[in-house]
Protein chains: 2
Amino acid sequence: MRIATVTTPSDSATCAAIEIDGRWHALPAADLSELLASGAEPAPGPELPDARPVLPLPRPGKVICCGLNYGDHIAETGRETPAYPTLFAKYADTLLAPGADIVLPALDDLELDWEAELAVVVGAELRRATRAQAEDAIAGYTIANDISVRAWQRRTLQWFQGKAWDATTPLGPVVVTPDEIDPTAGVEVICRVNGVERQRGNTKTLVFDSAALLAYISTFTVLRPGDVVLTGTPGGVGMGMEPPTYLRDGDVVETEIPGIGLLVNTVRIA
Amino acid sequence: MRIATVTTPSDSATCAAIEIDGRWHALPAADLSELLASGAEPAPGPELPDARPVLPLPRPGKVICCGLNYGDHIAETGRETPAYPTLFAKYADTLLAPGADIVLPALDDLELDWEAELAVVVGAELRRATRAQAEDAIAGYTIANDISVRAWQRRTLQWFQGKAWDATTPLGPVVVTPDEIDPTAGVEVICRVNGVERQRGNTKTLVFDSAALLAYISTFTVLRPGDVVLTGTPGGVGMGMEPPTYLRDGDVVETEIPGIGLLVNTVRIA
């Protein structure tokens, strides 16, 4: 299944929806957060003509990110393969809708960088879950770009202040359920900037796959339906280039996972 | 003013309350989060006999912590005075009520440590605030203990997984408004374990005071009424002792700020 939160030209409110034969059909919830929290089987309603996916999960309680999870990205940062996942937290305010501009203030030191990522959406409550329980609790997969303000990320030992700028993490456009896609077997994660490919990794090379991350996190904090876990970014980020290359006003960031879709977001330094 | 979220023996629901002459009087909200979000002036209602403070803010959208903010604690970790605040995030699930047990599973490697802290409660929305705006937006101050699972904190570069264990950060018991207390001028922050004083710092030695932290954070993410910022811990944590000394099952942690009150929580390794 491909599910999303959509709007239509005739209705300003959002609606959860399922794609059937290329068309969006209404589901009985205002968005995917509400749908997943309800635990209801998605029974398709009427078609929603001209529906357009928006931010799939408007207010996840948790958005937990894993850093240093692809072998090649670990190598470009000069580190060794980790025994434990490197985790940090974001808040829902960080999320940004598909197609929306990535707006940042014109500060001297931003060093705005891209990080294409596979995102896992939690579908059931998890506490100290086994790997099998975690796997069963995966509602689906979507795309994220963990746009990072490197100058702030580097200010201190903790990355949070470079990772939690409001409305800078594009997420979406749709959530694809595990029966249609298997990131542990491998999907490609691609980032293009102004049409030039900068990242292409495969999730089969993840040190910690989605189920491993969910089980690990659930050891110390509960995960609930609609929570999101970002699985890390492959090699090819701007700070790893020679010389380091960062995003500028007007740059178009495309984040793609074949089988899920494409996020297109433009940088605006306001 | 001293305000709190309380329960009474006659009512299982919580209620916001204000202390007048040592007695709790009802305020028109279910808890302090609701009271602060409403922006209403707290007009005291009837007395609530035998009221008992519980978790003052049950579900803050953000609980942002500053590390390495006291000169003496910075020295015991072997670091230099920072140019920028070291920030990391928690979720509301991490919070624990006054008097409640700090329960952790019996894992081999916990190294459970104490960190007494002054916590600032946000009273108004802040976006890219000046210091003066941030100061005006402080609803009040309370007490926290950022109980840390050092073995997990040290597993990776990011502290989150050692800091975000569910129900391990005692908060409360009351919120004291800025007209009654001035942490920038200085209040003492004290931690005792089984009656032995382990930490005693003064907030006048903070590198970044409450208003500075709120203004800085609001540069990159909005703060809303009821959000909480932990200002860091003074010297004297268990990992700084010779030899390092950690909390064990049955240990009683007292966290005190004279002028606010006392948190008493017992460690239970289950």
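**Figure 1. A:Lys62 pairs with B:Asp93 in a salt bridge.** The closest N and O atoms of A:Lys62 and B:Asp93 are 2.6 Å apart. The model shown here and in the following views is predicted. This salt bridge crosses between the two chains. Across the interface of chain B and chain A, the rule finds four salt bridges. Polar contacts across this interface involve 24 residue pairs, with both partners at pLDDT 80 or more.

**Figure 2. Chain B meets chain A through 36 residues on each side.** General background first: interface size is often expressed as the accessible area lost when the parts come together. Here the area buried between chain B and chain A is about 3,300 Å². Carbon and sulfur atoms give 59% of that area. B:Tyr91, B:Gln158 and B:Phe220 supply 24% of the area that chain B buries against chain A.

**Figure 3. Strand 5, strand 6 and helix 5 of chain B each give two or more residues to the side that touches chain A.** Strand 5 covers residues 63-67, and strand 6 covers residues 86-90. Strand 6 of chain B gives the most to this side, with five residues. By residue class, the side of chain B that touches chain A has 19 nonpolar, seven polar and 10 charged residues.

**Figure 4. A cis peptide bond joins Gly172 and Pro173 in chain A and in chain B.** Most peptide bonds are trans. Between A:Gly172 and A:Pro173, omega is about -5°. A:Pro173 sits in strand 13 of chain A, residues 169-176. Between B:Gly172 and B:Pro173, omega is likewise about -5°. B:Pro173 belongs to strand 13 of chain B, residues 169-176.

**Figure 5. A:Asp21 has a positive phi in a loop of chain A.** Most residues other than glycine have a negative phi. A:Asp21 is not a glycine, yet its phi is about 50°. The loop that holds A:Asp21 runs between strand 2 (11-20) and strand 3 (23-26) of chain A.

**Figure 6. B:Ala167 has a positive phi in a loop of chain B.** Phi of B:Ala167 is near 55°, in a residue other than glycine. The loop lies between helix 5 (160-163) and strand 13 of chain B. B:Ala167 has 28% relative accessibility, so this residue counts as partly exposed.

Technical notes
Residues numbered from 1 in each chain as written. Chains lettered and ligands numbered in written order. Predicted model: local features only at pLDDT ≥ 70, side-chain atom pairs only at ≥ 80, totals over all residues. Heavy atoms only, no water. Helix = DSSP H or I, 4+ residues; strand = E, 2+ residues; numbered from the N terminus. Buried < 20%, exposed > 50% of the residue type's maximum accessible area, 1.4 Å probe, protein only. Contact = heavy atoms within 4.5 Å. Buried area = accessible area lost by both parts, 1.4 Å probe. Salt bridge = Lys/Arg side-chain N within 4 Å of Asp/Glu carboxyl O. Polar contact = N/O pair within 3.5 Å; in protein donor to acceptor, adjacent residues only side chain to side chain. Nonpolar A, V, L, I, M, F, W, Y, C, P; charged D, E, K, R; others polar.
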